[in-house]
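Colleague: I want to learn how to read the contacts in a model like this. Could you take me through them one feature at a time?
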Amino acid sequence: MSDPLPPANSEAPLRDEDEFAPGAAEWPEDLSRRRFLQIMAASFALAGGACTRLPHGEILPYIRQPELLIPGKPLYFATAMDFGGVGHGLLVRSNEGRPTKIEGNPDHPTSLGRSSVHAQAALLTLYDPARSHAAMKLGHPETWEGLLGELLPEIEKWKESAGAGVHLLTQRIASPTLVAQIQQFLKKFPKAQWHFHDAAFPRSPMPVTVHLEQARVVLSLDAELFGYGGANVPNALAFAKARRRDENISRLYAVEVTPTFTGAMADHRRALSPSALVKFAQDLVVTLRDGSKSSDNWSAALLRDLQKHKGQCVVVAGEFQPPSVHEAARQINEALGNIGKTIDYLPAEASLPPSGLPELVTAMQRGEVDTLLIFGGNPAYDSPVDLPFGEALARVPFSVHHGLYPNETAQVCRWHLPESHFLETWSDVRASDGSESIAQPLIEPLYPSKSAHELIAVLLEQVPTTGYDIIRGAWEQRHKTDNFENFWRKSVHDGVAALPMPPSAKAPEPAAAPAAKAEVESKSLELVIRPDAHVLDGRFAENAWLQELPKPLTQLTWENAALIAPQTAKANHLEHGDVVELRYRDHAIRVPVWVLPGQAEGCVTVHLGYGRTYAGPVGSGLGSNAFTLQTSDAPWGGPGAEMHKIGDGHRFSTTQSERSMEDRDPVRLVTADKPAVEVAREDLPETTETLYPKWKYTGPAWGMVIDLSACIGCSACTIACQAENNIPVVGREQVLRRREMHWIRVDRYFDGDNNAPRLLHQPVPCMHCENAPCELVCPVGATVHDHEGLNVMVYNRCVGTRYCSNNCPYKVRRFNFLKFNDDHSETLKLMRNPNVSVRMRGVMEKCTYCLQRISAARIDAEKEKRKIRDGEVIPACAQACPADAIVFGDILDPASRVAAMKKSARNYSLLGELNTRPRTTYLARMQNPNPEIG
Amino acid sequence: MPQLFQRYTNTLAPASIVAVFIALSAAVWGMHAIIFSPYATEVGQPVSQVVPFSHQHHVAGLGIDCRYCHTGVETSAFAGLPATETCMTCHSQIWRDAPMLEPVRQSWATGQPLHWNRVHNLPDYVYFDHSIHIQKGVGCISCHGRVDRMPLMAKSETLYMRWCLDCHKAPEDHLRPKNEVFVMKDIVPDEKRGVALLRAEEIDKTHLQDCSVCHR
Amino acid sequence: MKVNGVYGLIAEFEEPSQVLAAAREARAAGYRRVDAYTPYLVEDLAEELGMHNTGVPVITLICGIIGGVGGYGMEYFAAAIHYPINVGGRPLHSWPAFIPITFELTVLFAALGTVIGMLILNGLPRPHHPVFETPFFEQRNQSHFYLCIEAKDPLFDRTTTQEFLLKQKPAHVWEVPA
Amino acid sequence: MPTTVQTCETLSERLSAVVLKRPTKLGWFTCIAISFTGVLMLNVAISWLLLRGVGVWGINEPVAWGFAIVNFVWWIGIGHAGTFISAILLLLHQHWRTSINRFTEAMTLFAVACAALFPLLHLGRPWVFYFLVPYPDTMRLWPQWRSPLVWDVFAVSTYFTVSLVYWYIGLVPDLATMRDRATRRWIKVIYGIGALGWRGSAKHWARYEMAYLLLAGLATPLVLSVHSVVSLDFSVAILPGWHSTIFPPYFVAGAIFSGFAMVLTLLIPFRKIYKLEDVISERHLDLASKVMLATGLMVALGYASESWMAWYSDEPNEEFLALNRMLGPYWPVWWTTMTCNVLVPQLLWWRRIRISPLPLFIISLLVNVGMWAERYMIVVVSLHRDFLPSSWGKFHGTVWDWATFAGTIGLFFTLMFLFVRLLPMIPIAELRKQTVEEGKEV
């Protein structure tokens, strides 16, 4: 690994003001009147002719130039990420030794080159200036030596006591080596105990693998197939495949509490409160078993549909549903012979220890815990309210917290040790399909931090203790091959181990059949607690990209809310934006009410991860903490909640205030009775209807197609674009003013009846119109066309009249109303993509189809005197998209994939009637409703 | 009755008006002059360096190829500056204790990089790629001038956008055969050869003036 | 006939009609270097003094043409020749869009030409002028009307010219020192 | 006041006295002090703007144009009365214009100066405003001629220059009068410089009159073109509520409408303070109100045809816009516009109202408000809900928006007060001619 310093003669970003006298462009925050006047004078003088000398930069060459590394040429390394105990195979771009972009690893069986929102956002966490910089003892900086000074005597004690009183607390772990190390630790100190607590990825009642591609009919019982869970990427891709077939596309039924991506993709969606959902599931089992008449024709039709597709359908239960629902789902799958075909039941998660947080807290309260070693996680914040972890911790003499951030737990522990980011250290992971990957570091640790492997090695008093030696050693033991060196090198290089897959899992013994008679539906208001889709249980609260990423179906940013259905709102005399005291089992929080169409009646959903106190400058003090409502016996809520209005007029920082399509058809749907030809009818004006001749393009003529049948609305494109194009975060205040900067946004609409709406998603990047309205009105020619048909935006020519934005019917242009990019934090400079200008205050910006990637490909092609190949240029959004919904290429090349898709009958242009001739078009979304259901 | 204004004002008044016009045009001309003066462009003004490296000596004198030090020039956007190691390959043998080379030895010993002052500095929003220019037959000296005559490195062109465009509009006048790209020999404009090279290198002139070629 | 130290003789009238008549007489008498000074424009006076064409309109026309042609030329040169760029799929020579600026520049040049031309033809600015030395000129030039026969006039002669002027029944006749 | 018959002497005496009389009244000082505080506020607002960026205003996506453009159009509109009165009415031989043209021309200049501030300030990077000016730069780049904003640059600067020249040429003979009537030497000298040595030569008068007529001839199409070009800023765009072919005439009418409103707003107090009721008589008020009534009706027709087109075109976006203006979140703006610009002016059908200063003053004030609201409706209300519901938003002016607006009003009045104190606000020479000749007619 080369040093993380800005490398020799790389374009150091954030010096756009060099165009002007220093300071003339970027105003320092703290500015004396005097200085201000000087700057005024300076910039006015410049106005005379901008006769400025560029300031003299310096060039710092290497001492020894690293192998492979050619300054200016990015390198790509395969690595992997542990996300909620599931491995994600990644491919990371490195510019002069700085990881600058994370992508999915195409060779990895589950990521298949695609990536999730969280994989993309991991990059910002690496460079986050708020990460813990040093070991802390009782809140004061300390050295590792200082720690060892205390730790080693402790270890001696453990040896005598065989580890009595020593407790480990971990979250889910995807690293086989780490699990092995912990086992080793427990073997060495038999009396030591290992506890498991993970608020976002709880113990799954019945872990499964779903094969959506094989399933013709899918029933989701509040399962978020495309949510943040471990298998979202493969699920999305498989489902998209099943939806894009020309004939017999799959049909998705979703029964859920709060609208999810799954519900948005469903052909038939039903919102039920948790208790009603349990009842629904069990009635389904009963009716299926004794063939009795189903209560309503909806579920009757559903049942018939399921039975019609024995072995080709699947019923999936949500992670946060009680075991009874999972059991119901399993029984239906068994009855219909789906198991082994469309769904595999995995053995109960052996890697997890039996004991959890409750046992630990009781032990702590009893004073039985002398030493508590916390690996990751934040129990002081994310433990249920009835488990007073913080107080109990006071009775633990020697507590150590090992994590990325000096969070709430770090504050109360005796020791906090900085953890290395996964891009800084060696590790290994196991993916959802059991395949293993080696995670190699892309950069030296930015701070004196250690990985969990290294820390445990210390506890085990092992040598060597470097991550590399630990992982390599462990693999050498586990994988006995005659030529390990080759195996190791290949595994590291490919990002996935060349191993035989684990034996296919067998279904667990059927548990006791659930009571045929379902318990009565509760009449009281039910509380629903869920991890937030982006910050989860708060572990990503400090990640500004995720905070500003609009949340699924609310488009809310930077805060959480109490989601209730319109009917519930009416019943409780509440309005959108009212602030309520939400009370559950004599605990209460203040939270604003969000009236959400599609939410189940009679229940209120709050998301975890907010109301943090020690998240850092970004994540602290946002929203309200739902953990104060969580109890260990009802972690996901239950009946008996109350809401009392205590205020109103809360202003939500949302990026989309409108819900309906207002009788316009930005999103078009193809169904059996509404064929594509009619739905996607292009009412484009004739080219002859103009004074002017049409401009000729010789190609490559770049264009894009977005398939709305595939898009699940996950926003991976948005955040991938943000990472690739150095897009700044503006913060809650500016989002309130509608000044977010995302180049590709995912619009969502609620179509039809407000009480049972259809949920729609539509990603909207720049359309690169051939008759671009924006270009016509720019007074300085800062946005014009190039010969490949790109609508290019020249930041350094832009004077900021914003006329282009006014005249853009898609409103995809983004303006730097203030100085949005952070040029103070050194680490953030390292993160930036050196091939994209960092925009200054007062200039317009927008999607460029990832021009930097096009240019790179063009230069390569021209060097080799050939045309650019189809698929050689992939914009960040298309590359990230887990559903492969975005396709980009040369529309004049008949062989190209994009050209083929544009020929589809479903192809239509957004607002085509304006004769903007957009290069980005959409494929109308295919629906496959059950004809038996109206 | 006395005159309010003396006779001379009859000359003064029109003269002053004319003077104002002259002054204004002079100001405009002056501005232009400054922008293209060596003061602003820094053309031909040697930049001082920690080590007074002489291209004249190394290129003309010793005949070292450009690519020996600027390794990236054919493959990467950046030509690259030589690592200290590169200097030391020779200077660990010859001029081992020339005081002039002390900073190089220091850097080698301490592992601290040498601090060279930029001579050719483009704004950050300009993305110039050396490799493609080299590949298509634009000689080093087209932009960097006769470095073989420069004891100390100095800009030989303004690097203004209009200067870039001059060549992007009519590349044929500035192309040379591949084998002459690194040769320190002034190009003799030749219409026919230029067009031939243009065709040989399959250079598509149409998009060369697109904003997107240099700005992202 | 040239007389030193004298700019001319000036007659002061109360009524515009008088100065008109006087001017007519003076021309008839063969005086050529004659000028009148009035508090406001007196119709036909200039004609009576022998100025039949102001020469301003032609300047306006020429400048207007320069402005218009120059303006359109600049637009065409910049958009179609100097740096041709595809803007919103419109042709390089989008003549309808070039009209407004052409028009504005036509008006601008014509207007400035008119004013500057007028001043030059009038020989203004000219802060110093002998006529200002006419007694009470300052007070009365806003209400009274003057006819001045200059000494440069070949027919000028102190006595005869004075007699001639007095025949026109002026309020006064003054001698204007050079 | 005595209606003695005017002679050149008395006239010159009275009108120059307005300027030359010493000592200056305390009232004048208080007025200018008040308006100058506005100028100071403007300075603060502008400094803060340049310091932090246009983000200090309320603008956002989708409403990327806010107060700046509203104020720009409003001020430019006001700036139309002067040239209209002095040029078009001159060509139409409306002699009554003589009493007020100088004053209104000055008003035009100052209004256009205020207007010209905004396009500059609303730039994201004002320090590179010169990108909009064609000149041989180091980048070989030019303005983009198809953009109405570039047309604006030329139209507004031409309009300002021509108005300035026109106004100054009109002043020259009067400056000569000032020069001759002033008593203190330094004052004589100052006016003398401005007078260019004007001595009332008959030949000068002839050329002068010709030039003046030509300028009027040039200014007439110019005044019509300027607001047409401003209106093209909107009608060239494809936005519903902007994309409309009736904008140019409808904007010009609105401009003259608001211009005359501002003229009355200023004249009515001034003629009272300086006791010029005989020079600026009831007749003038009457005629000015008639022009207001006429142009007001044209504007009303504009509104009507906009709504009618929305319905007749059967274009959903246009229909939605029309309804959104009346019933959407910004409904008060629409209703204010209609009340002030359509209903209130109907009072001017009655002569008694046309000639009674106070009601007229109130009406003209309301029209000024109404015209500002109209521009707000056109700019903000059209932008805040365009094609895709997903990108709909709202706009609210911040304190800095208001401070800048109020500041320009302060600037306008400061200049106005300086003008009436330092320069003859009524063209003396032209009035001399008139009084004498009209005296003859009687």
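Colleague: How many residue pairs are in polar contact between chain D and chain A?

Modeller: Keep in mind that this is a predicted model. Between chain D and chain A, the count is 37 residue pairs in polar contact, both residues at pLDDT 80 or more.

Colleague: Which elements of chain D give two or more residues to the side that touches chain A?

Modeller: They are α2 (26-52), α6 (148-181), α8 (202-235) and α11 (316-327) of chain D. Of the side of chain D that touches chain A, α2(D) gives the most, with five residues.

Colleague: How do the residues of that side divide into nonpolar, polar and charged?

Modeller: On the side of chain D that touches chain A, 37 are nonpolar, 14 are polar and eight are charged.

Colleague: How many salt bridges are there between chain D and chain A?

Modeller: Two salt bridges are counted between chain D and chain A. A salt bridge joins A:E658 to D:R385, with the closest N and O atoms 3.8 Å apart. The cut-off is 4 Å.

Colleague: And how is the size of an interface stated?

Modeller: The size of an interface is often given as the accessible area lost when the parts come together. For chain D and chain A, the buried area is about 5100 Å². Carbon and sulfur atoms give 58% of that area. In chain D, the residues that lose the most area to chain A are D:E61, D:R125 and D:W127. Together they make up 17% of what that side buries. In residue terms, 59 residues of chain D are in contact with 66 residues of chain A.

Colleague: Now the interface of chain C and chain B. What area do they bury between them?

Modeller: Chain C and chain B bury about 1400 Å² between them, with 55% of it on carbon and sulfur atoms. In chain C, the residues losing the most area to chain B are C:Y83, C:P127 and C:H128. Together these account for 48% of what that side buries. By contact, 16 residues of chain C meet 14 residues of chain B.

Colleague: What do the polar contact and salt bridge counts give there?

Modeller: Eight residue pairs are in polar contact across the interface of chain C and chain B, both residues at pLDDT 80 or more. The salt bridge count between chain C and chain B is zero. The side of chain C that touches chain B has nine nonpolar, four polar and three charged residues.

Colleague: What does the domain assignment of chain C give?

Modeller: Domain 1 covers 6-39 + 141-177, and domain 2 covers 56-121. The C-alpha centres of domain 1 of chain C and domain 2 of chain C lie 47 Å apart.

Colleague: Back to salt bridges. How many are there over all chains?

Modeller: The count comes to 82 salt bridges over all chains. Read each one together with its location and its accessibility. Take A:E788 and A:R858, whose side chains meet in a salt bridge at 3.0 Å, N to O. A:E788 lies in the loop between β30 (783-785) and β31 (791-793) of chain A, and A:R858 lies in helix α25 (residues 851-863) of chain A, so the pair ties together parts that are 70 residues apart in sequence. Both A:E788 and A:R858 are buried.

Colleague: How accessible are A:E368 and A:R366?

Modeller: The side chains of A:E368 and A:R366 meet in a salt bridge, 3.2 Å from N to O. A:E368 counts as partly exposed, because its relative accessibility is 42%. A:R366 has a relative accessible area of 57%, so A:R366 is exposed.

Colleague: Where do B:R105 and B:E102 lie?

Modeller: Both lie in helix α6 (residues 102-110) of chain B. B:R105 and B:E102 are three residues apart, about one turn of the helix. They form a salt bridge, with the closest N and O atoms 2.9 Å apart. B:E102 is partly exposed, with a relative accessible area of 33%. Salt bridges that share partners also join residues into one network: A:R114, A:R244, A:D707, A:D884, A:R897 and A:R906.

Colleague: One last residue. Is A:Q762 buried or exposed?

Modeller: A:Q762 counts as buried, because its relative accessibility is 0%. A:Q762 lies in strand β29 (residues 758-764) of chain A. A polar atom of the A:Q762 side chain lies 3.0 Å from the backbone oxygen of A:P666. Leaving aside residues up to four places away in sequence, A:Q762 touches residues including A:P666, A:V667, A:L708, A:R745 and A:Y922.

Notes: Residues numbered from 1 in each chain as written. Chains lettered and ligands numbered in written order. Heavy atoms only, no water. Contact = heavy atoms within 4.5 Å. Buried area = accessible area lost by both parts, 1.4 Å probe. Polar contact = N/O pair within 3.5 Å; in protein donor to acceptor, adjacent residues only side chain to side chain. Helix = DSSP H or I, 4+ residues; strand = E, 2+ residues; numbered from the N terminus. Nonpolar A, V, L, I, M, F, W, Y, C, P; charged D, E, K, R; others polar. Buried < 20%, exposed > 50% of the residue type's maximum accessible area, 1.4 Å probe, protein only. Domains from an automatic or database assignment.
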